[in-house]
Amino acid sequence: MISNGSIGPEHSAAGGNPAMPSYCLLPLFHPPMNPETAPGGMGYISHDGHQFPCRNPVVMQQAFHCANLCYRSGSMWSSDRQPLANTPATARISAASNNRFGAVLSSLYSFWTARAAAIANSQANRRDAYSVILFNHALESPVINDFTSTPDQLLDRLLPFDADGGTDFTSAIGQAQAIMEQSWSTERSPVIIFLSDGECHIADNTMQDLCRTAVRLGKAVSFHSVSFGPDASSVYLRRMAEIALDAQNNAPRDPLAPAAATVLSSYTQALDTVQLAETFLGIAESLRKPRGALLH
């Protein structure tokens, strides 16, 4: 079902093909069928035991490989911004990092929780993969292409890390590209969220290489740079998003996804902890569009 009231393309006659019924094929008041007993062909059994002849809309939902690149240099030790208050994870995060880095961890936790809730509401199995790269002058990758961990389990892998050291955007993007290539699947679209509270030079060709690699593999990367610092110190974060957006706009259309399903690259400035959490939740919401379509 599509939320704007129109029907899916498989339910309308097009190109000489007959329209598929959008209703249960079984007699009225039939006993519920076992959802695990799938009929032959394209049909499916719904979670409440009805038989439909069309493709299961759950498997038509987009899946993503979401890579979060989180800055953890010495400036992230500042306590002018702290973890989001009154969440199930606040106490754990505050005990480990009651500072800017903790605010980032709480926003990540909110992102994962929102995605988990969306999947639970659709009564589907999780198909998203998660990676996390923590970067300063060096790199840590505590989560790589994870399909199974809960938000709490993912958070537990990040809590031992703290904020210190310098800054290297180039190495972080290189690591993201390597993980993207190693973990590539035609089933998942790549999404990168790159957060920093500071500035660091990165050459255009570093970002262009990341974007070209994704296009060559089959899906343009959706890249979201988030500034947790002053806008005047975000020149390179803006430029990174511009390059990614240009690559998306010029990439061949993904035949496996409707055009409306594209999550366009973006730059956002978050001035405080609440705005940072809202930014991450906004990205999570943008990934919820079923079949690409449907909430306007």
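Strands β7 and β8 run parallel and are joined by four bridges, where strands count as paired if DSSP finds at least two bridges between them. Within this pairing, Val226 has Thr268 of β8 as its bridge partner. Helices and strands here are DSSP runs, numbered from the N terminus, with at least four residues of H or I for a helix and at least two of E for a strand. The model is a predicted one, so to speak of local features takes a pLDDT of at least 70 and side-chain atom pairs count only at pLDDT 80 or more, while totals for chains, interfaces and linings use all residues. Residues are numbered from 1 along each chain as its sequence is written, and side-chain values use heavy atoms, with hydrogens and water left out.

β7 also pairs with β6: six bridges join these two strands, again in parallel, and Ser196 stands opposite Ser227 of β7. Between the two, the chain passes through α5, making a right-handed β-α-β crossover; right-handed means that, with the strands pointing away from the viewer, the path from the first strand over the helix to the second runs clockwise. How much of β7 is buried? Six of its six residues are, where buried means under 20% relative accessible area, exposed means over 50%, and partly exposed lies in between (1.4 Å probe, protein chains only). Both faces of β7 are covered, with Ser222, His224 and Val226 on one side and Phe223, Ser225 and Ser227 on the other.

Over in β6 sits Ser189, which is buried at a relative accessible area of 12%. Leaving aside neighbours within four places in sequence, Ser189 is in contact (heavy atoms within 4.5 Å) with Gln62, Ala63, Phe64, His65 and Lys219.

Next comes helix α6, residues 235–250. At 1.5 Å a residue, its 16 residues should span 22 Å, and its end C-alpha atoms, 23 Å apart, agree with that; the expected span is 1.5 Å times one less than the number of residues. The buried residues of α6 are Leu237, Met240, Ala241, Ile243, Ala244 and Gln248. Seen down the helix axis, these buried residues fall within an arc of 155°, so they line one face of α6; the arc is taken from the directions from the helix axis to the C-beta atoms. On the face turned away from that buried side, α6 carries the exposed residues Val235, Asn249 and Asn250. The cover over the buried residues of α6 includes α4 (169–182), β6 (188–196), α5 (204–217), β7 (222–227) and β8 (266–269).

The largest nonpolar core has 63 residues, and Leu69, Phe111, Phe194 and Met207 touch the most other members. Such a core is a set of buried Ala, Val, Leu, Ile, Met, Phe, Trp, Tyr and Cys residues joined through side-chain atoms within 4.5 Å. Helix α2 (residues 100–121) gives the most to this core, with eight residues. Not counting residues up to four places away in sequence, Leu69 touches Ile133, Phe135, Ala172, Ile173, Ala176, Ile192, Ile193, Phe194 and Leu195.

Finally, a word on backbone angles. Most residues other than glycine have a negative phi. Asn86, though not a glycine, has a positive phi of about 60°; Asn86 is in the loop between β3 (63–71) and α1 (90–96) and is exposed, with a relative accessible area of 80%. Asn145, also not a glycine, has a positive phi of about 50°. Asn145 lies in strand β5 (residues 139–146) and is partly exposed at 22% relative accessible area.
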